[in-house]
Amino acid sequence: MKTRNNNRLVGVAAVTLLSLASLAGCESTGSSENVDGPRPAVVTASAGARLWEDNCVRCHNLRLPNAYTDGEWAIVAHHMRLRANLTGEEARAILAFLQNGF
Amino acid sequence: MNIQSLLQVPRMDTLSAWLIPIFLVTGPAFAQDQDDAEPATEAALEGQSTADILQRMRAMEMDLHQLQRALTDSGPGVHQFMVTGFANTSFSNLKGKDSSFTTSYSPVILYKFSDSFLFESELEFSLAQTGEVEVGVGYANGSFILNDNWIVGAGKFLTPFGIFGERIHPVWINKLPTAPLTAGHGGIVPTSSIGAFARGGARTGSTKWNYSFYVSNGPELEAGSDPAEAAASGQLHFNNNADSNNAKSVGARIGCLPVAELEIGVSYLTGGVTPSGNEIADANSTLMGVDLSYNPKMSPTHGRVEVRGEWVVSNVDDVVYNPGGGADLLYNNERSGGYFQFAYRLPGSDLRLSPWEGVARYDTLSQPQDSPQLANRDRITFGLNHWLTPSSVVKAAYQIEDRNGAQQDQDGFMLQFAVGF
């Protein structure tokens, strides 16, 4: 009984959290904006800096763009795309920002 | 003259061989033409305007940047190799244990061939108390990018169950010297798996999704019939280099980011776990988990907050065990646990963050009643970190532990220097 209750609790919590999260995402599409403005539907080169900050800082401190060479950033970005499940567009935009410096 | 053309070696073929004598005759005339093209002398610059000189300087800067890129970068299809990784030295003084220094080193070797293929690996070197060097493979896998939303791969990979094992375990990323009770040695979630995976990310409107699906050898249930293994009876072992029962495990993690600051994930892993030919009955295991990470956007003048938490339930079908070859033992083999962590980086000056950061984590692990394992554990850890660079840190932490039962609570102090490179 305890097993089923615990599993049900985790399952209900998971479904509830994901549902709330996806609904919150839908609401933010329309009228609400964060302090930085609406998120662009299409990732542009100018969004590379924001994507770098949004994605990388979720796990670790941000390494400066001059921490690695351009070639090393290409390898690191590929490795991090795999680890963080970035889309191709996001990974390219972040890499372009890192390789072009500030 | 284009810098890139200087770095390309012309192919020698029959046509080129005929052109050599022609070039020998016309060479001096060709060189004369080059000599006439804009030498940077005082005489040449004297008659030029400031605008012309600035334009010339910009052209030189672009040529120099191209040359630097060509020397340090490499284009698609060329082998690219990089060694990175992390290391730490720690000191711990915990009740019931001898105080000790420990050290470990984990090189991460990355090999990238073309824009689509990556081989990644992490080795783990640590020094055992006996003086031996212990070597492990954290992960070693190859992956191929199919398109913007899918990557496939195989090998030994960090299991996409929750987020600690896959993203937070490196010592320079983990804000405390210890891993949560649910992870690592004696934990109830896998750190790595051997198998194949498909993963990626996608957007629907403003919501970002990430997803990972995998099939692996899966965990193995420890029967514990051997007296030496009796204490582990009923536990799942996740370090299976080969499938022990011809029953693969399948799993997935799906993460949702309704806003950039918040990620919520759910994880699932199931499969047969009883080794073939074992005396205990066939059993399946099911692991379910939820995870959350929240990094609110804040001005550096207010510092930086990070909130993280995970919860997992692990269930194994009811089977009869004989720990140490003794009496039958049947119990509800369900374990659960998780952690909640809050970290705050102080604001500094000049719109930078302070190097000082405070951390607090509560973690817990519940074991089945009547199982041979340790009793339930609850722990709270307070930490103070000083970041020397973005990837190197000195951590000081104190943990207060509560172990139900006869086990010694391991309260105590820890100090760690960790670096990522």
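**Strands and hairpins**

I started where Leu127(B) stands opposite Val133(B) in S4(B). This is a predicted model, in which local features need pLDDT of at least 70, side-chain atom pairs count only at pLDDT 80 or more, and totals for chains, interfaces and linings use all residues. Residues are numbered from 1 along each chain as its sequence is written, chains are lettered from A and ligands numbered from 1 in the order in which they are written, and side-chain values use heavy atoms, with hydrogens and water left out.

I then looked up the pairing: S3(B) runs antiparallel to strand S4 (residues 133–147) of chain B, with 11 bridges. My terms here are DSSP's: strands are E runs of at least two residues, numbered from the N terminus, and two of them pair if DSSP finds at least two bridges between them. The S3(B) and S4(B) hairpin has five residues between the strands, and Gly131(B) there has a positive phi near 95°.

Phe113(B) is opposite Phe117(B) in S3(B). That hairpin has three residues between S2(B) and S3(B), and Ser114(B) in the turn shows a positive phi of about 70°.

**Chain B against chain A**

Next I checked the interface. I found 68 residues of chain B in contact (heavy atoms within 4.5 Å) with 49 residues of chain A. The buried area is about 5,200 Å², with 56% from carbon and sulfur atoms; this is the accessible area (1.4 Å probe) that the two parts lose on being put together, summed over both. Met82(B), Asp148(B) and Lys297(B) supply 12% of the area that chain B buries against chain A, more than any other three residues.

I noted six salt bridges across the interface, taking a side-chain nitrogen of Lys or Arg within 4 Å of a carboxyl oxygen of Asp or Glu. One of them joins Asp54(A) and Lys297(B), whose closest N and O atoms are 2.3 Å apart.

**Asn385(B)**

A polar atom of the Asn385(B) side chain lies 3.0 Å from the backbone oxygen of Lys175(B). Leaving aside neighbours within four places in sequence, I also listed contacts of Asn385(B), including Pro355(B), Trp356(B) and Val393(B).

Notes
Helix = DSSP H or I, 4+ residues; strand = E, 2+ residues; numbered from the N terminus. Polar contact = N/O pair within 3.5 Å; in protein donor to acceptor, adjacent residues only side chain to side chain.
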